[in-house]
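Please prepare a short briefing on the strand architecture of the structure shown here.

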Amino acid sequence: MLRQFAVVCLFAAITLAQQPQAAGRAPAEPPPASGNFQIGGVVVDVDSHQPLAAVRITLGPAGKSDAVTTLITGEAGRFTFSGLAAGKYALSAQRRGYVAQSFNQRDSLSSSIVVGPNLDSSHLVFSLVLEGGISGSIVDEQGEAVRMAFVYLFQCAADGRTVRRGYSEFASTDDEGHYHFSHLRAGRYYVAVRGIPWYRQPPQIHTKVTDAQGVVTDYSGDVDEATLKGAQKVDYEEEPPTALDVAYPVTFYGGATDSSAATPILVGKGEKVSADIVLQPVPAAHWQFTQPPPAEHFAVLLEQRLFDGILVQAFPMPRRLGHGVLEYTGMAPGHFRFDGWGPSPSGRIMVHEEFDVGANGEIEKQTSTTYVPVSATIRFEPPAAPTESINLQLRQKNSNHGASLRMNGKSEIEFPYGVERGSFYEVAVDGGSGIYLRSVQATGAKLTGHMLEVKDDSPIKLTVVLATGRGSIAGVAVREDKPIAGAMIVLVPADPGNNTRLLRREETNSDGSFSFTDVVPGRYTLLAIDDGWELEWTNPVVLEKYMAQGEPITVEAKGKYSVKVKVQ
Amino acid sequence: MNSRRVLAYFERTFPMVRHFRLTALIAMSLAAWPQSAHAAQSAPKAPDAIYKLEGTVVNAATGRPVPRALVELTGAGKRAVLTDSQGEFSFDKLSKGPVKIQVEKPGFFEPGIRRDAKVTHTIEVGPESGKMVLKLEPESMITGQVTDESRDPVEGAIVDVIAEQIVDGRRQLQTPDGRNVHTDDDGRFLMAGLPPGKYILRVKAGNGARRSPGGQAGNAGQSYPLQVFFPGVTDLASATAIDLVAGQHAHAQVSISKVPAFKLSGSVLGNLDFRNVVQPAIFDALGERLAMPDHWDTRTGAFEFPPLPAGVYTLQIQQLPDDRHEWFLTRTVTLNRDVSRVTLSQAAGVSIPVSVRTEFTATEAKDCPSSGSEGKTPNCKQFPAGISIVSSDLKQMMFHATPEKAEPSTLSLPYVMPGKYRVEVHPKVRAYVRSVRSGTTDLLREELVVPAGGAVSPIEVVLRDDGAKVKIHVAAENLPQQAHVLLVPEFAPNQPALTLTASSSGDLQYDDLAPGDYKVLAFESPEEIEYQNPDVMRKYAGKTARITLPAKGSTSVTVELIRQGE
């Protein structure tokens with residue numbers, strides 16, 4: 001029933017699904033019966049245009065990754081698959097030293113190869129890009145290797161502004177302090193490292209537990225909740241910090257400990273960049289939190305905020321100071337987010353605190369968030385009894401947090417933890433085939449499109465109208481009536497800034513065709529942009545200048561559309 | 001439950017249990033949770049806190065000081081310092097009395113101790129405590145590269161090392177700690193954290209190796225051998241061992257080449273519920289799973305492996321452990337062409353009846369252990385001992401005697417595959433094992449041989465309760481916190497020795513021992529001793545005590561401590 005934090009995993013699943021693999025976006029097609037069409041061409045280095053030998057080329061029906069055939073290119077870099085039936089195929093290539101990629105791959109998109117009468121699919125030019133890498137050593141203040149440090153890779157998006165996690169998201173250092181990120185595309189990266197001084201000594205705790213019979217036991221160290229259960233009295237004493245109570249801040253290449261001051265690493269095509277980082281200890285910060293009663297079954301998560309909206313897990317294990325008091329030790333300067341959730345006498349409770357750790361380990365700017373209750377009434381239009389499992393989601397803007405609640409056929413639901421005051425959430429539905437969010441209204445909070453702004457403590461009541469029958473769009477991108485392969489197609493909803501879930505993109509296939517399935521009914525504009533892959537396409541302002549030349553389209557419930565879009 | 005209580009429980013109920021390993025395990029789990037609570041000894045803060053403890057940490061291999069080593073002192077509270085550039089440390093304001101001291105540094109271990117384990121030394125603080133020297137042994141490492149036949153690096157290959165280790169007093173090959181590393185995109189690897197010794201480097205490039213053109217699906221007729229040993233051979237016997245001294249960094253270049261690959265398929269015969277069966281797999285001599293099938297049909301017992309490189313393989317299938325009839329089936333397959341219709345059948349096994357007889361002199365009922373986890377094992381009143389047999393050929397293969405389905409009052413070992421086995425008997429009541437026989441074979445001395453297709457005489461176990469008591473005192477100047485005492489039964493040479501821990505005063509007492517002759521040895525370090533090897537035991541002859549324990553009698557013995565490296 002409850003999936004408050006499952007959204008985090010859900011987002012992770014989306015990220016994984018976007019890893020560069022075969023172009024799997026197109027719907028599955030039946031396996032190819034033998035035919036007499038062929039797919040062929042030459043593999044070249046994208047810059048030198050020299051043919052590449054010893055490339056492993058894999059071909060399979062689009063959307064089916066198991067029915068593949070493979071061949072290796074010879075000296076001339078040529079490949080030919082023959083005896084193919086008409087249909088849509090996914091083509092990918094791998095060679096040592098080059099980025100493994102699908103045909104015309106751009107981010108997670110690529111072009112399928114369409115085979116059939118009057119289509120030329122035997123003169124393909126498959127361009128491969130040399131891959132780069134970043135490696136280096138992590139050493140401590142005395143130049144000694146830091147073992148088992150966590151190294152993060154962040155990547156600047158194609159638009160050059162947003163920073164996101166790299167595909168190979170993290171590495172850990174080996175016994176000589178080395179880390180290694182390989183198979184990287186050329187681009188701007190950031191590397192950050194989180195290490196723990198191997199010698200660190202948090203201050204000792206002494207806990208004195210008086211049990212129900214009045215027997216007193218002294219413990220050196222923290223004590224688990226089970227030992228404290230039934231205790232009459234718990235006293236604890238923390239010794240003053242010693243010189244070895246230190247921590248390493250998350251440190252970026254270049255030495256910055258603040259993501260806004262981090263030095264980017266430019267990786268050129270085929271370039272192996274070395275990036276060493278030195279960790280310097282600082283006095284460790286201590287942060288305490290008192291759990292609301294009952295303290296059992298209270299889950300906690302501490303994360304550090306890097307760049308804009310990237311959260312990385314900080315220290316997983318707090319220690320316990322007496323009954324219900326948790327202490328995190330070993331934090332270094334940075335901005336932290338703490339979440340705790342669990343049962344409470346009145347149902348469930350969630351707490352969220354944010355704080356900064358200053359240069360000397362002091363806690364600054366601590367803010368504590370109030371959670372506002374949210375309930376929702378769900379209605380179907382036309383009226384229908386939902387048999388499938390549908391989740392109503394509230395996704396927090398600029399974070400991977402949010403709430404997701406399974407409706408289980410109910411028409412009145414309440415989010416057990418509520419939402420943060422002062423935050424924005426996008427209302428969305430997930431699951432249930434063909435189900436879409438037709439409209440939403442809110443009292444107690446401001447709603448723009450599907451974006452909810454939680455301004456004050458008033459309880460929020462949502463009225464959600466769901467409908468079935470998503471539509472689909474098939475089209476072709478043309479320039480002077482000639483189909484264009486590898487163009488970017490953007491499906492722009494009305495008011496894209498407040499409907500980010502509806503804003504989607506695709507890449508055209510070898511015959512200029514493209515398709516969007518599961519389209520939520522509504523008004524859209526289709527844009528076809530050649531060489532638009534560097535654009536910050538999710539930013540409505542950037543898309544503005546293309547809108548006039550776009551193709552407007554209104555998608556009705558269960559509608560199927562065929563369009564021709566002019567390439568800009 | 002506190003660890004000492006666990007040990008005491010095992011000592012009483014399972015005298016054959018291997019204490020050395022247990023202690024090491026506990027030490028490691030404590031090291032992994034340095035924050036966990038320990039009930040503190042209530043040490044009053046004495047006013048005479050005027051003493052000093054000083055020392056140096058040195059590299060055992062070079063004799064040079066080790067700077068920035070962490071020295072931890074526990075007694076009345078915990079204190080820790082890092083050694084200075086001269087490897088020196090000092091603690092002041094200490095009270096007279098014993099303190100525990102530990103030293104650690106990444107890249108080093110305590111001599112004779114495995115990675116990540118810590119050793120605690122007990123030191124007496126007082127007016128005469130002098131400067132102490134703590135030794136750390138530098139880790140050794142192997143770096144290298146794996147390349148293919150065209151000298152291209154192989155990425156994603158799994159590299160590990162195999163070393164001889166001593167288990168139950170015998171040398172055997174193992175992968176220490178089960179650790180492995182992967183080659184990077186340049187085919188390079190780093191295997192660090194190794195204690196000095198001889199290592200065989202192994203590369204498994206099979207399905208894990210990525211991005212080597214033609215390495216996998218592309219060329220179904222060829223594949224890398226499932227395992228290749230340094231410098232590039234496929235059989236363990238031809239491998240070259242890398243001999244590492246403390247702190248050595250060795251380099252190993254391993255070249256691997258593809259060989260023809262073939263299909264292997266077949267089925268498991270018998271009226272079995274295959275949902276309770278672990279899918280068939282190919283195992284190596286170390287008992288590790290090397291390859292698993294692509295398809296395993298839990299309705300029919302049919303299996304099919306992906307194309308495997310030519311070779312001779314041991315195919316094995318195992319029933320999931322439940323309270324009755326756990327079994328293994330094994331078969332050796334030579335793969336030099338496609339092989340289909342390989343069958344494994346329970347009919348290949350032999351059923352061996354087992355009986356346990358007690359010759360008890362005392363009239364009162366023998367107590368059974370009261371542990372909750374014993375629920376699945378047979379009643380200890382009815383079956384006062386657990387009996388299992390362990391294959392001498394295949395490490396992972398062992399069978400446990402279980403009550404017969406048709407006749408629940410009798411025990412048997414069903415479906416035992418042909419081969420040689422050691423019989424292990426664990427009494428569940430206060431008793432000792434008097435004899436274990438199969439026909440005329442004394443199984444305390446000899447192995448059980450199960451012939452192919454032949455019958456085996458029933459295994460008869462006799463337990464008695466007129467055991468002997470032994471009191472052992474370990475004599476040494478500066479006794480360690482724990483001395484490790486080995487009791488080797490001379491009348492049962494193929495049985496594991498008893499390993500016990502003496503208190504800090506060097507004393508220990510043990511009851512319910514089988515009467516007979518024993519060798520007694522005491523060691524400083526908990527390292528496993530190759531006591532089954534007469535040459536090794538000859539080395540310690542001067543410090544070996546011999547005792548003869550009479551039934552119902554009591555014997556005392558003093559044994560001299562054998563120091564580390566002696």
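This is a predicted model: local features need pLDDT of at least 70, side-chain atom pairs count only at pLDDT 80 or more; totals for chains, interfaces and linings use all residues.

Residues are numbered from 1 along each chain as its sequence is written, and chains are lettered from A and ligands numbered from 1 in the order in which they are written.

**Chain B overall**
- Chain B contains 3 helices and 44 strands (DSSP runs numbered from the N terminus: helices are H or I with at least four residues, strands E with at least two).
- Of its 566 residues, 34% are buried, meaning that 20 or more other C-beta atoms, placed from the backbone, lie within 10 Å of the residue's own.
- Among contacts in chain B (C-beta atoms within 7 Å) between residues at least 6 apart in sequence, 73% join residues at least 24 apart.

**Sheet in chain B**
- Strand 34 (residues 432-438) of chain B runs antiparallel to strand 35, joined by 2 bridges, and Arg437(B) stands opposite Asp442(B).

**Sheet in chain A**
- In chain A, 4 strands form an open sheet in the order 34-31-39-36, and the pairing is mixed.
- Strand 34 (412-420) and strand 36 (435-443) of chain A each have a single partner strand, so one side of each lacks a neighbour in the sheet.
- Strand 31 (residues 371-380) and strand 39 (residues 460-468) of chain A run parallel and are joined by 7 bridges; Val374(A) has Ile460(A) as its bridge partner in strand 39.

Methods. Two strands pair if DSSP finds at least two bridges between them. A residue is buried if 20 or more other C-beta atoms lie within 10 Å of its own, exposed if 12 or fewer, and partly exposed in between; C-beta atoms are placed from the backbone. Two residues are in contact if their C-beta atoms, placed from the backbone, lie within 7 Å.
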